[in-house]
Amino acid sequence: MLRIGFAKRAITPPIGTPLGGYAARTEAAGAVHAELYCRCMAGQDENGDFVLVSLDLLGIDESLRLRMLEGVRANGMNLSAGRFSVWATHTHSGPEGFPDHLHRGIWMSESRPPNERLRELTVRTTVAAILEAKSEQVPATLQWYRARCPAIASNRRNREAPHQPDVHLLEASDATGKVIGGMLHFACHPTVIGPYHFISSDFAGAAIESLEQANRSGAVFLFANGAAGDVSTRWARRGDQPDEAERIGLALAESLLIKRAIQPPSQLLPGIETSYASEHLMHSFTDRQDGQRLDGIFQTVYLNGVMLKLVPGELFASYAMSSSGTVIIGYANGYLGYMPDEASLAEGGYEIEACRLDASALHWIAHWLNRS
């Protein structure tokens, strides 16, 4: 029998913390618009524990993931690396140093050392939240829903280029039918708020807060970003202040709350009988800029008949458009930077200049995404 528990804890950094996400930002954190959280879903099936974690951060790195895994194991939880999934929501109004090799939103070989005290506090808080979620486990059932929200996101490089407007919602319900939590999935850069001094989870946090309040049952929802490397609210937002992030977040949540009767995702896999299964793959690439080795974790999770592909970077929207039968989660289990499609490499632009992967690496990723 499937057992599920949820928990969330604040990971908001103190005022004065340098913020990451914008090269143009000149101020440290001066105000909190919206608290940053780690949100955890801890499950247990016939094969043992599994955990999904979303963090309101710009990104994560392999070291952070490993320390979290070691932390829960040290507290008696029998969790294998292949059944542990952690990702960032990719808010650009969070602390610098997540992941440890980013500096002000730009991957640089020379950057200030990350704030290890803040990183360790984030690890300890996340470990505590995972253990709390495990203690809250009850027999549960899972249900997927899907809606479309085409009005708030589009391709930021080319307004006319396609993107994936689908919104996916996973709900977990206890034996009485009460919703105890779930996950909201949508592909879009959380960059509504500009390069100011606000700490914020941006529109993603506003959407999640709206869902949690709507359920009125103490439910906790994770936010999972998708193939959002070239997708943002650039052409839809009406400003770059916190109130606009709240408006867009509410619009995203309402697309589900109003249309929740829409059919589940078309990629339901009838051949998968278990509620949870996962495959864990480490793959190495060569950094096209400095020739160094880059290791990335690529994870496939089958969750209640839906196949999730967890990718350690910022995939372009075209991958989602061509990966039929897959829900892509980006910024997961590490960070390898932008992952443009091969056609975009010749077009240039910021994302291409920052990209560390060559065409052969991108071809491997595309092949992996389409492998069931």
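Two strands are taken to pair if DSSP finds at least two bridges between them. In this predicted model, strand β1, spanning residues 3-10, meets that condition with β8, the two being joined by two bridges in the antiparallel sense. Within this pairing, I4 lies opposite V138 of β8.

The pair belongs to an open sheet of five strands, arranged in the order β5-β4-β3-β1-β8 with mixed pairing. The edges of the sheet are formed by β5 (84-88) and β8 (138-139), each of which pairs on one side only. In general, the strands of a sheet are paired through backbone hydrogen bonds, in either a parallel or an antiparallel manner.

Helices lie across the sheet strands as follows. Helix α1, made up of residues 62-74, lies across β4 (48-55) and β5, and runs at about 135° to β5. Helix α3, made up of residues 202-215, lies across β1 and β3 (37-45), with an angle of about 55° to β3.

Helix α2 covers residues 116-135. Its 20 residues reach 29 Å from the first C-alpha to the last, which is close to the 28 Å expected at 1.5 Å a residue. At the start of α2, a side-chain oxygen of N115 comes to within 3.2 Å of the backbone nitrogen of R117. The buried residues of α2 are L118, R119, T122, V123, T125, T126, V127, A129, I130 and A133. An α-helix has 3.6 residues a turn, so residues three or four places apart point the same way. The buried residues of α2 are covered by elements that include the strands β1, β3, β4 and β5 as well as helix α1.

Technical notes:
Residues are numbered from 1 along each chain as its sequence is written. This is a predicted model: local features need pLDDT of at least 70, side-chain atom pairs count only at pLDDT 80 or more; totals for chains, interfaces and linings use all residues. Side-chain values use heavy atoms; hydrogens and water are left out. Helices (H or I, at least four residues) and strands (E, at least two) are DSSP runs, numbered from the N terminus. Contact means heavy atoms within 4.5 Å. Axes are lines fitted to C-alpha atoms, for helices over the stretch in contact, and angles run from 0 to 180 degrees between N-to-C directions. The expected span of a helix is 1.5 Å times one less than its number of residues. Buried means under 20% relative accessible area, exposed over 50%, partly exposed in between (1.4 Å probe, protein chains only). A polar contact is a pair of N or O atoms within 3.5 Å; within protein, one must be able to donate a hydrogen and the other to accept it, and residues adjacent in sequence count only if both atoms are side-chain atoms.
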